[in-house]
Amino acid sequence: MNIEITPEELTQVLQNKSNALILDIRAKENYMNGHISGAANAVCHSMQQKQVIMSKIPPNMKVILIDGDGTEAKQNATMMARFGFDAHYLKDGIKSWEGELVKSTQDTTISGDTLWESIKQNSDVFLLDVREPQEFAEFKIPGAVNIPLSQLFMPSSQTQLPKDKKIVTICSHGNRSMVATFALAQNGLESTSLVGGMSLWNQVLGATVLKENDTTIIQVEKIGKGCLSHIIGSNGEAVVIDPTYPTKRYIEFAQKEGLKITKVIDTHQHADHVSAAKDLAQMAGAKLYLSKLEEYRIESEKIEDGNTIQFGTKQLRVIHTPGHTPGGMSFILDDKYVFSGDILFVEGIGRPDLRDQAEEFAAKLYDTLHNKILKFGDDAKIFPTHHGEGVSPTKGGIFYTTVQNAKKLPLLDLGQAEFVSKVVSITTPRPMNYSMIIKINKGVIPIAPEQIPDLEMGPNRCSIRM
Ligand SMILES: [Fe+2]
């Protein structure tokens, strides 16, 4: 079978608007500098990725590969033909093409960090999630529109796409979203694929700084999951509470404010994300503190109720706040700032059921909330370790609540018995992989950093509200 096509034949295909995918397999930079109009950039970094990409292309579609001189495209087209594709390649590659070449107006791929910057600046991005509706319903970037990849190859599905916005295609790992750019290019729409998909989106960290008098608090948000952690600075020194991966970002955020991380603490044993406390302490050369009342097999300084942790000219007071976990600790700064882990959120309270003794934990949670947290002054700011989906920051991009606002939560208006029965009756799905994550955070099983994104995929589910 002849799989070679000439520039004249390719011109015919383009003029007839045949149902063909034209894939330019050269390096991204070469493609962006000049490609045949209607061609999409397809760069696979491994055989495995090639196979995944091929499995997502509709098998009845004509595929034409273009490279620099025809060599690699011929090999790939031959392989695809063997897999049953109607695959072809442009003879002698792009150098045989005498027609017009177009430059890209945007990058063909986008990293999670860059996408987050664009979303923050309200730039005109259109988030096109091409996963299946079930995956989309489970976990998505707010504002994204869902058109599954299989539908995207039907031209009618593309009529709802804007022509004046930058389209970012999104999937779970960045393969389907790449194939989506092929489907859009066929209709003359340029788009950019989110590298690593939702799995790496989940690892994007953003920092917002709150400065009040001599206190610097950097709230670090794991954007995709809504996990919050805090870097508290005083006199050039910083304590980090509840860090998540990627660890090195904390050192960068602290440095930007002229702070050196000397201490790292977890409020409790997390179930929804892998704690980066041990690794961050190691990387920063800082001291690690963990609760004496949680089960850890990690070497650290153990803390309990009544301890203090010094940094700069300040100190954090430790109070035992059980209810979400048995040994959860909260950290108090100047009696005005309370870092309470998963006890109290902007929108609700911590869930007591992740350790399978919901009733007992709910009673402790009641006591912690009413007799410890709500006993601070009305203006005290409570910084949680998460925020739920759709919850907006309280002020200046920072998520916190105050004692005054927390007292208005309906769940905190109930007496103890009513509270326990109500809280136990609310069933929310558990965080994905939570029992595995608990074991990792205990130090019972090891994990390689590259396994973390997939393990943590999915929303945080640490709070309950009503
Ligand atoms: Fe938690």
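The structure is a predicted model, in which local features need pLDDT of at least 70 and side-chain atom pairs count only at pLDDT 80 or more, while totals for chains, interfaces and linings use all residues. Residues are numbered from 1 along each chain as its sequence is written, and side-chain values use heavy atoms, with hydrogens and water left out. Helices (H or I, at least four residues) and strands (E, at least two) are DSSP runs, numbered from the N terminus.

**Helix packing**

- Two packed helices are described by the angle between their axes and the distance between the axes.
- Axes are lines fitted to C-alpha atoms, for helices over the stretch in contact, and angles run from 0 to 180 degrees between N-to-C directions.
- Angles under 35 degrees count as roughly parallel, over 145 as roughly antiparallel, 65 to 115 as roughly perpendicular and the rest as oblique.
- A crossing is left-handed if the near helix is turned anticlockwise from the far one by less than a right angle, and right-handed if clockwise.

**Helices α3 and α8**

- Helix α3 (residues 47–56) packs against helix α8 (residues 176–186) at an angle of about 50 degrees, with the axes 9 Å apart.
- The pair is therefore oblique, and the crossing of α3 and α8 is right-handed.
- From α3, Gln49, Ile53 and Lys56 meet Arg176, Met178, Val179 and Phe182 of α8, where contact means heavy atoms within 4.5 Å.
- This contact has four nonpolar, one polar and two charged residues; Ala, Val, Leu, Ile, Met, Phe, Trp, Tyr, Cys and Pro count as nonpolar, Asp, Glu, Lys and Arg as charged, and the others, Gly among them, as polar.

**Helices α10 and α11**

- The axes of α10 and helix α11 (residues 277–284) come within 9 Å and cross at roughly 55 degrees.
- α10 and α11 are therefore oblique to each other, and their crossing is right-handed.
- Lys248, Tyr250 and Ile251 of α10 make the contact with Leu280, Met283 and Ala284 of α11.
- The residues of this contact divide into five nonpolar, no polar and one charged.

**Helices α12 and α14**

- Helix α12 (residues 358–371) and helix α14 (residues 416–425) pack at about 130 degrees, and their axes lie 9 Å apart.
- This pair is therefore oblique, with a right-handed crossing.
- Residues of α12 including Ala358, Glu359 and Leu369 meet residues of α14, among them Gln416, Phe419 and Val424.
- By class, the contact of α12 with α14 has 10 nonpolar residues, one polar and one charged.

**Second largest pocket**

- The second largest pocket is lined by 36 residues, and Asn41, Thr108, Thr109, Met178 and Ser193 lie nearest its centre.
- The elements giving two or more residues to this lining are α2 (28–33), β3 (39–41), α8, β10 (191–194) and α9 (197–201).
- The lining residues divide into 12 nonpolar, 19 polar and five charged.
- On a 1 Å grid over the protein atoms alone, a pocket is an open set of points where a 1.4 Å probe fits, with protein on both sides within 12 Å along at least five of seven lines; lining residues have an atom within 4 Å of a point.

**Loop between β14 and α10**

- Aspartate 242 lies in the loop between β14 and α10 and has a positive phi of about 60 degrees although it is not a glycine.
- Proline 246 is found in the loop between β14 (237–241) and α10 (248–256).
- The peptide bond from tyrosine 245 to proline 246 is cis, with omega near -5 degrees.
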